[in-house]
Amino acid sequence: MSNISEHKMLQGTEFSVYLDILRLFAHGTWSDYKSNAGCLPPLVPNQVRKLKQLSVLTLAEVEKVLPYDLLMVELDVSNVRELEDFLINECMYAGIVRGKLDQLRRCFEVQFAAGRDLRPGQLGSMIQTLSTWLATSDNLLHSIQDKIKWADTRSELDKKHRKEVEDRVEEVKKSLSLKADTEFRGHEEISYAEPGGVMDYEEDRSRPKR
């Protein structure tokens, strides 16, 4: 709260220009500085480089494919070689962005960009974006949980069906085994009976007739 009060105290004073510089580096761009250069103090080379780096981050917030022509205008760069050197040495090596330089299509494909301070009026949009993301995440979580429940139920049904099939197979095996055993016993009884019948017949033939 004290910082906000101090900022308000600076407004309208001879030091308000430094408050404008602070705002510029918080969420402004190099183009913003050039448009108001007459009202702002000159920047040293390190400040110029920093503001141009921040300008790349601002552009990357909106588009993930940045044409070289747009970047050269926004960064006040005169040729492609100078632009690519800046993107590689001052942005990618610094870790504030990651991406691919496409010389054929003359564009910079952004894969990652560090965030900047919120500009005035962006808070509501940020809250809405986060709320939408949260709702989407909740829906996805519920969907995953439903699929897990369905998979668990399906697994239990499969186990039950497999158990029923296995039990049925065992019943069939037992039935076939019992049937085979019964048939085998029947064949044994027939085999034992046949020799006895022949013997009796032979004995009858050997007896003398009266």
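Predicted model: local features only at pLDDT ≥ 70, side-chain atom pairs only at ≥ 80, totals over all residues.
Helices here are DSSP runs of H or I with at least four residues, numbered from the N terminus. On that basis, Asp 167 and Lys 163 both belong to helix α7, where 4 residues, or about one turn of the helix, lie between their positions.

Stepping back to the whole chain, the protein contains 7 helices and 3 strands. Along the sequence these elements follow the order α-α-α-α-β-α-α-β-β-α. Of the 210 residues, 20% count as buried, and the protein exposes about 16200 Å², with carbon and sulfur atoms supplying 56% of that area. Among contacts with a separation of 6 or more, 47% come from residues 24 or more positions apart. Asp 20 sits in helix α2 (residues 16-27) and is partly exposed, with 33% relative accessibility.

Two packed helices are described by the angle between their axes and the distance between the axes. For α4 (residues 45-62) and α6, the axes come within 11 Å and cross at roughly 95 degrees. Angles of 65 to 115 degrees count as roughly perpendicular, and α4 and α6 are therefore roughly perpendicular to each other. Their contacts bring Arg 49, Lys 52, Gln 53 and Val 56 of α4 together with Phe 86, Leu 87, Glu 90 and Cys 91 of α6. The axes of α5 and α6 come within 10 Å, with a crossing angle of roughly 80 degrees. This pair, too, is roughly perpendicular. On the α5 side, Tyr 68, Leu 71, Met 72 and Leu 75 take part, meeting Val 80, Leu 83, Glu 84, Phe 86 and Leu 87 of α6.

The loop joining α5 (68-75) to α6 holds Asp 76, a residue other than glycine with a positive phi, near 60 degrees. Most residues other than glycine have a negative phi. Asp 76 is partly exposed, at 44% relative accessibility. A positive phi, near 55 degrees, is also found at Arg 106, which is placed in the loop between β2 (97-102) and β3 (107-113). Arg 106 has a relative accessibility of 36% and counts as partly exposed.

Salt bridges number 9 in the structure. In helix α7 (residues 122-206), besides the pair described at the outset, Asp 158 and Arg 154 meet at 3.9 Å, N to O. These residues are 4 residues apart, about one turn of the helix; Asp 158 is partly exposed at 35%, as is Arg 154 at 46%. A further salt bridge links Glu 171 with Arg 168 at 3.3 Å. Because Glu 171 and Arg 168 are 3 residues apart in helix α7, about one helical turn separates them. Glu 171 is partly exposed, at 46%, whereas Arg 168 is exposed, at 53%. Elsewhere, salt bridges that share partners join Asp 102, Arg 105 and Glu 109 into one network.

Finally, Leu 118, Leu 123, Met 126, Ile 127 and Leu 130 make a nonpolar surface patch of about 450 Å². Leu 123, a residue of helix α7, is exposed, with a relative accessible area of 52%.

Definitions and conventions. Residues numbered from 1 in each chain as written. Heavy atoms only, no water. Patch = residues over 30% accessible without salt bridge, like charges linked within 9 Å, V, L, I, M, F, W, Y side chains within 5 Å. Areas by Shrake-Rupley, 256 points an atom, 1.4 Å probe, with all protein chains shown as cover. Salt bridge = Lys/Arg side-chain N within 4 Å of Asp/Glu carboxyl O. Helix = DSSP H or I, 4+ residues; strand = E, 2+ residues; numbered from the N terminus. Buried < 20%, exposed > 50% of the residue type's maximum accessible area, 1.4 Å probe, protein only. Axes fitted to C-alpha atoms, helices over the stretch in contact; angles between N-to-C directions. Parallel < 35°, antiparallel > 145°, perpendicular 65-115°, else oblique. Contact = heavy atoms within 4.5 Å.
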